[in-house]
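Please read the following points with the sequence and the model open beside them.

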Amino acid sequence: MFSFRTHNKIPEIIEQIEAGLANDFKVIDDIALFNQEKALRSFIDNKVALRHFSQTTGYGYDDIGRDTLNSVYAGVFKSDSAIVSSHILSGTHAISLVLFGLLRPGNKLLSISGQPYDTLKDVISGKGLGSLADFDISYDEVPLCEGNFDKPAIKEKILAERPQMVLIQRSRGYSLRNPLSCVQIRDICSFIKGLDERIIIFVDNCYGEFTEKEEPIEAGADVVAGSLIKNAGGGIAPNGGYIAGRGDLIDLINRRLTTPATGGEIGSNFGGYQYFYQGLFLAPHVVAQSLKGALLMGEAMKWAGYKVLPEEPSQCYDIIRSIEFDTEEELITFCRTIQSVSPVDSYVVPYPWDMPGYKNKVIMAAGCFVQGSSIELSCDAPVRPPYVAYCQGGLTYEHVKIAVIHCLQNLKKL
Ligand SMILES: *Cc1c(COP(=O)(O)O)cnc(C)c1O
């Protein structure tokens, strides 16, 4: 199968691309070192010990593993407090908890980074599904303008509609745009707080964690949420999500996660907490591996004649590369190639399929240790023109490199 060693010039091309990326790789290493220290610092400050890894049962009163894990996350994300839980079932669930935990009937949510992630559309406006709309919470959005926040339009909407919450999505989702940096987020946070300091700024942090030295809370956001089977779980967390932010907000969200009466006082974990701690500790390094892998994938596919986003390899505020194909067939070949070089389910052939929460058929390659984990090398694509695959993750750079070689072999436009 691994015939590339005898195959044409591809290894040589990869070597050239890697040489060209040397400076970008150095930047990523520097960020990883910074974030590794940040994570380590929080472990030390919270005196993490083996007893925190133990499983708990029932209500989980005085679950010291849970409480300490929350504090470690709060330390890393520079927030007052945090919720980290295996009871949060996905990124969409974490985001949904923030929305329902903080918004009340008659309130308004304003997205200022355009359409939110596909699975949030039903959460926001799905009729009869128990969506925000069903609870009389309204929604509006301002698209990005040439990759940045559209300040005049945001100002107009905020003054006219007085939203209680503003939503920012750091990563690109299934849109053809670049991720937003914390520099951009800082600038817009101070702009919004200048208009109305009561507005809660919520950042969907999925895929953004540890791609920069700062996180959105440091840049002025009030609350962030993300998935543990993406960046923050380091490829080790078996499931779960996290929410970090201002203490009063986290308290309300806890009362939604559990009940208004109990909040964060309850919640046991029968599986134990080791992998959540260990995953967070590994996350800065694993994110760096996948950032490097994404750069290599992007440059290689560019070389092969495809359009890639971000166009410039130095912009890496999420772990994704978007690759635009000319045909559905190429898109499917790409996804199948990724699947075929996965450590798990390599023999499975992915097909476009209707997935819960998605409007179009989606094809996904996810030969992962943790089902659907996208900090592991994976790709997914709504099957609609333009035919864009969103490729992300990679627990090791070497794995991504092998995948890139196979993709070039199967796809290079001749
Ligand atoms: C993945 C993702 C989500 C949803 O997370 P799931 O775990 O797939 O539910 C939300 N927002 C963004 C930006 C994402 O990348």
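1. Lys78 sits in the loop between α3 (64-77) and β1 (81-85). Helices (H or I, at least four residues) and strands (E, at least two) are DSSP runs, numbered from the N terminus. Although Lys78 is not a glycine, its phi is positive, at about 55 degrees.

2. On the source: this is a predicted model, in which local features need pLDDT of at least 70 and side-chain atom pairs count only at pLDDT 80 or more, while totals for chains, interfaces and linings use all residues. Residues are numbered from 1 along each chain as its sequence is written, and side-chain values use heavy atoms, with hydrogens and water left out.

3. Which residues surround the ligand? They are Ser90, Gly91, Thr92, Ile95, Tyr117, Gln169, Asp204, Cys206, Tyr207 and Lys230, where a residue counts as near if one of its heavy atoms lies within 4 Å of the molecule. By class this shell has four nonpolar, four polar and two charged residues. In this scheme Ala, Val, Leu, Ile, Met, Phe, Trp, Tyr, Cys and Pro count as nonpolar, Asp, Glu, Lys and Arg as charged, and the others, Gly among them, as polar. Helix α4 (residues 91-102) gives the most to the shell, with three residues.

4. A ligand nitrogen lies 2.6 Å from an N or O atom in the side chain of Asp204. A ligand oxygen lies 2.7 Å from a polar backbone atom of Gly91, and a ligand oxygen is 3.5 Å from a side-chain N or O atom of Ser90. Taken alone the ligand exposes 380 Å², of which the protein buries 91%; areas come from the Shrake-Rupley method with a 1.4 Å probe.

5. The ligand takes up space in the largest pocket, meaning that more than half of its atoms lie within 2 Å of the pocket's grid points. On a 1 Å grid over the protein atoms alone, a pocket is an open set with protein on both sides within 12 Å along at least five of seven lines, a cavity is a set of points where a 1.4 Å probe fits but cannot get out, and lining residues have an atom within 4 Å of a point. The pocket has a volume of about 1100 Å³, a volume being the space filled by probe spheres set on the points.

6. The lining of the largest pocket has 47 residues, with Ile229, Met355, Tyr358, Met364 and Gly372 nearest its centre. β11 supplies the largest share, four residues.

How values were computed
A polar contact is a pair of N or O atoms within 3.5 Å; within protein, one must be able to donate a hydrogen and the other to accept it, and residues adjacent in sequence count only if both atoms are side-chain atoms.
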